[in-house]
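Take a look at the model below. Keep the sequence at hand while you read.

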Amino acid sequence: MARCIPILVSNPPPLWRPLLAHCRSIMRDLGAPAVLIDGCLRDTPFGPRIIATLDLPPRMGDAALSRHPSYRPAMRDAAGMVAFSRMAAHGASGIDPVTASREHEDVLWQVIVLPAGVVLIARTERADYGPFLLAESEPDERGIDLVSLQLDFAVDSGSSQAGSA
């Protein structure tokens, strides 16, 4: 079981709670153990941008995700969630998020919304970094263990649904 490393998110952006509510609605209605938000930093003519996709764990098969009423509102804020989570992880690691936004990176940032919490994993060709538990208040050991257990159940370590996000 991969043990989550807590990162305190004391002041989440306005999109945080509504996006989590939409993702949990999707999980409840479709019986999914998690919602995966995969994103990466891409160069565009207007500068670097986060590109994101919303999906369910591969074991869910062909679920009707895009037809769910919460899909569009969740997808609208998916890139913002990846950008915020990425900056939170950089900040907790002592990396300047602004400088990091200007550096080329070959990283897939995977935000995993679980019933008990939100986890971030940075995946590269060489290694996975994390999982980081993004929590609004200091989690206790039991809460960390619960999120870690749900993460192991929902997502295979090293699997990525949108490697070309």
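## Ala78 in helix H2

Ala78 lies in helix H2. The model here is a predicted one. Is Ala78 buried or exposed? Its relative accessibility is 0%, so Ala78 counts as buried. The cut-off for buried is under 20% relative accessible area.

Which residues does Ala78 touch, leaving out those up to four places away in sequence? They are Ile37 and Ala52. Ile37 sits 41 residues from Ala78 along the chain, yet the C-alpha atoms of the two are separated by 6.4 Å. Strand S2 covers residues 35-44 and strand S3 covers residues 47-55.

## Helix H1

Now turn to helix H1, residues 16-30. How far apart are its end C-alpha atoms? The distance is 21 Å. This agrees with expectation, because 15 residues at 1.5 Å a residue should span 21 Å.

Several residues of H1 are buried: Trp16, Leu19, Leu20, Cys23, Ser25, Ile26 and Met27. Look at the spacing. An α-helix has 3.6 residues a turn, so residues three or four places apart point the same way. Trp16, Leu19, Leu20 and Cys23 are among the buried residues to check against this pattern.

What covers the buried residues of H1? The cover includes helix H2 (71-92) and strands S2, S3, S4, S5 and S6. After H1 comes Gly31, with a positive phi near 70°.

## The cysteines

Cys23 has a relative accessible area of 0%, so Cys23 is buried. Cys40 has a relative accessible area of 7%, so Cys40 is buried too.

How many disulfides does the chain have? The count is zero. A disulfide is a covalent bond between the sulfur atoms of two cysteines. The rule used for the count asks for a pair of cysteine sulfur atoms within 2.5 Å.

## A cis peptide bond

Find Gly130 and Pro131. A cis peptide bond joins Gly130 and Pro131, with omega about 5°. Pro131 belongs to strand S6. Strand S6 spans residues 128-135 and is part of what covers the buried residues of H1.

## The whole chain

The chain has four helices and six strands. From the N terminus on, the order is β-α-β-β-α-α-β-β-β-α.

The chain has 165 residues, and 46% of them are buried. Among contacts with a separation of 6 or more, 67% join residues 24 or more positions apart. The accessible surface comes to about 8,800 Å². Carbon and sulfur atoms account for 53% of that surface.

Definitions and conventions:
Residues are numbered from 1 along each chain as its sequence is written. This is a predicted model: local features need pLDDT of at least 70, side-chain atom pairs count only at pLDDT 80 or more; totals for chains, interfaces and linings use all residues. Side-chain values use heavy atoms; hydrogens and water are left out. Helices (H or I, at least four residues) and strands (E, at least two) are DSSP runs, numbered from the N terminus. The expected span of a helix is 1.5 Å times one less than its number of residues. Buried means under 20% relative accessible area, exposed over 50%, partly exposed in between (1.4 Å probe, protein chains only). Contact means heavy atoms within 4.5 Å. Accessible areas come from the Shrake-Rupley method with a 1.4 Å probe; for residues, only the protein chains shown count as cover.
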